[in-house]
Amino acid sequence: MIYSVLTAIVFIVLIVGGGLTVAYCSLSYRKGRVMRKGMFPASIACIAVGTLMLILIPGSFHTVEAGNVAVVKQMGVICDVEGPGTYFDFWLVRSYEEYDAKVQQLEIRMDAYTSDAQSMDISMDVQFQIRQDKVEDIAVTYGGLTALTNRIQSVAIERTKATLSQYQAEKLIEERNNISPTVENEISLAIGDKYFVTFNSAVLTDITFSDAFEAAVEAKMMAQQEKLQAQYENEKKKEQAETQLFVAQQEAKALVAKAQAEADAQVAVAKAEARSIMLKSVEIARMLGYEVTSTEHEVEGEDGAVEIETTYEIIYDQTHTGADIAEYMKYIEYLSAWDGKLPQVVAGENGFMITVPMPGGSENN
């Protein structure tokens, strides 16, 4: 900085002195004055110096743009690093080499091969940024940002090819979304701190296989889809068949249950009728003078409840054989079925008896 200030002061003095001398000589010449001896050569020298300064001074202003950093070299030797701003240094002595300190983006195109020898075209974007505290090392090692960028690009290509070559083509297609982070990690490890940059990212933007391979993959995928569709249809048919079978089984169960219910109902009716007949027989037997005994015992009902049931026994002997009970039962049955109307003609042993209804309910035989 001190060198720049001193150089600026010297240049300003020379510019002002040369300018004044040129102005004085020009004014004297116009007015026709006779210049003293030696004045003219001095004027010429001042003019030459002023002209030289006008040529040299503009080139001695160095502007470092925002986002850049400059390596300052004095007679070819690095002496300083300057950030954004405007600096005054004699350009014949000092030079400024600017480095772009912003994020650099490389758009890389390459061809690569999978583990099963399928060719592919890769498109990838790589971002990195130089470390400003390592600009001198970059200048000494690579001589410029272009050489460093080429080196970063070579590392990215080499690591990408090495990573992708570990996958088969179909596997690569299946795991395409997971490949980019893997490639990025490999490139980051390869760059590390070796190249004086900060690695930001690496993104695989496109992976393209040959047309023949793409067609084969598409055909295989279509076949798989058709297979899955067929499996789905078979499963659907199976489900429908199982549903129909289930419905049929339920309908059959319902029919069986209905038949069982009807049978149970008939059994219940038959039991009820049998008990009714039995009770009628007991009553008739008692009426006819038979001895009847009764026994009570517990039975379990259909609902699980315990019920008391009475069992009757008619005692038969030589006098009471039961025939009269049967005849009486037939008579009762006949009466229950008779509609109350007498027959028009009745056949007997002595001929026919004709019954003629008479008005008022009387009958004439």
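Predicted model: local features only at pLDDT ≥ 70, side-chain atom pairs only at ≥ 80, totals over all residues.

Visitor: Where is A117 placed?

Guide: A117 lies in the loop between β6 and β7. Most residues other than glycine have a negative phi. A117, which is not a glycine, has a positive phi of about 65°.

Visitor: Is A117 buried or exposed?

Guide: Buried means under 20% relative accessible area, exposed over 50%, and partly exposed in between (1.4 Å probe, protein chains only). A117 has 60%, so it is exposed. F196, in the loop between α6 and β8, also isn't a glycine and has a positive phi of about 60°. But F196 counts as buried, at 17% relative accessibility.

Visitor: How do I read the sheet, and in which order do its strands come?

Guide: Strands of a sheet pair through backbone hydrogen bonds, either parallel or antiparallel. Two strands count as paired if DSSP finds at least two bridges between them. Here, three strands form an open, antiparallel sheet in the order β6-β7-β8. β6 (104-113) and β8 (197-209) are the edge strands, each pairing on one side only.

Visitor: How many bridges join β6 to β7?

Guide: Ten bridges link β6 to β7 (residues 119-130). One to look for is L106, whose bridge partner in β7 is V126.

Visitor: What packs on the sheet?

Guide: Contact means heavy atoms within 4.5 Å. α6 packs on the sheet and touches β7 and β8.

Visitor: At what angle do α4 and α6 pack?

Guide: Axes are lines fitted to C-alpha atoms, for helices over the stretch in contact, and angles run from 0 to 180 degrees between N-to-C directions. Helix α4 (residues 145-164) and helix α6 (residues 176-191) pack at about 135°, with axes 9 Å apart. That makes α4 oblique to α6 (under 35 degrees is roughly parallel, over 145 roughly antiparallel, 65 to 115 roughly perpendicular, and the rest oblique).

Visitor: Which residues meet there?

Guide: Among them, I152, V155 and R159 in α4 meet residues of α6 including I179, V183 and E186.

Definitions and conventions:
Residues numbered from 1 in each chain as written. Heavy atoms only, no water. Helix = DSSP H or I, 4+ residues; strand = E, 2+ residues; numbered from the N terminus.
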